[in-house]
Amino acid sequence: ARVGWMDRLKSGLKRTGGSITTVFTGTQIDEALYEDLEAALLMADSGVAATDYLLQDLKRRVKETRATQPAQVKALLQDAIADLLAPLERPLVVGVYHPTVIMVAGVNGAGKTTSIGKLTKHLADAGATVLLAAADTFRAAAREQLAVWANRNQVEIISQQGADPSAVSFDAVAAGRARDMDVVLVDTAGRLPTQKHLMEELTKIRRVVTKADVTAPHEVILVIDGNTGQNGLAQVKAFDDSAKLTGLVVTKLDGTAKGGVLCAIAREKPVPVYFIGVGEQLEDLQTFNAREFAQALVG
Ligand code: GDP
């Protein structure tokens, strides 16, 4: 049997020399413990703002509970992180709009295409009809890969080589309405926040989607690679500027030492985390649970 996803998340998040768990192996609660913890949180890419916040919050909890053992502090840290991350825990809701139009964006290699495949399965399993739109009209490989996922999930796909990405998106939303689909999932091309014209293209796709359906897009999801740590936070900020994000998928948390980035996001740019990716298989997409994540992170 495959190892459970929590275990993969745990071992993934532990892939750092400054693992947070080891901070609590001593016998005393002293300034050295807090210093080690600060280093470990920063190593995990929690960022300065969230690290400072967590340390203050933790010290307050230690005082309040009159904790005397490092093991108690560890449990309090899990509480502090769980509370910090709780606002990010929000389910992706489909069914209010018909169709629910979901745009998906990300930098190349973040795991966007894989996540769309997983998400399609998740939605189809829940009984929703899904129409995929290949708005990456430029890269043939991207369209082919999306077609593979569509095939695997037995859903329809709208794809037109070389067409304008916003035109394909418009057509897909119109087709989704005409065919009475539950969800239209728009796969946009991978792009970097530094590529100004491509970021503007994303803004344009969003605008044109609204022309096809005045209430759409209902969701704009950014896929970020959990391994990129603080860079992921920068991506959240940049893509939100261009396309107004409603949610995130954070991938590759089964093999990262930088899971602390979710703390940074919670503190500096809170956007709900709809799903986390914990592997390459179709079923390796989990809904985000703040407490479970905090437990896996602290170990
Ligand atoms: P895209 O360029 O953003 O569309 O990225 P892809 O979906 O092609 O994914 C890039 C690589 O990351 C592929 O090898 C995927 O199998 C892998 N990948 C995606 N999500 C995960 C995940 O959650 N865990 C792991 N371990 N690998 C992943």
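Aspartate 45 sits in the loop that links helix H2 (31-43) to helix H3 (47-65); helices here are DSSP runs of H or I with at least four residues, strands are runs of E with at least two, and both are numbered from the N terminus. The model is a predicted one, in which local features need pLDDT of at least 70 and side-chain atom pairs count only at pLDDT 80 or more, while totals for chains, interfaces and linings use all residues. Residues are numbered from 1 along each chain as its sequence is written, and side-chain values use heavy atoms, with hydrogens and water left out.

Backbone angles make a friendly place to start. Most residues other than glycine have a negative phi, and most peptide bonds are trans. Aspartate 45, however, has a positive phi near 65°. Arginine 66, in the loop between H3 and H4, is not a glycine either, yet its phi is positive at about 50°. Are these two residues buried or exposed? Aspartate 45 is buried, with a relative accessible area of 14%, whereas arginine 66 is exposed, at 71%. Buried means under 20% relative accessible area, exposed means over 50%, and partly exposed lies in between (1.4 Å probe, protein chains only).

Two cis peptide bonds come next. One joins histidine 98 and proline 99, with omega about -5°; proline 99 belongs to the loop between helix H4 (70-85) and strand S1 (100-106). Another joins alanine 216 and proline 217, also with omega about -5°, and proline 217 is found in the loop between helix H8 (196-212) and strand S5 (219-225).

The ligand has 17 residues around it, of which Gly109, Lys112, Thr113, Thr114 and Glu280 come nearest; a residue counts as near if one of its heavy atoms lies within 4 Å. Helix H5 (residues 112-125) is the largest contributor to this shell, giving four residues. By class, the shell holds three nonpolar, nine polar and five charged residues. Here Ala, Val, Leu, Ile, Met, Phe, Trp, Tyr, Cys and Pro count as nonpolar, Asp, Glu, Lys and Arg as charged, and the others, Gly among them, as polar.
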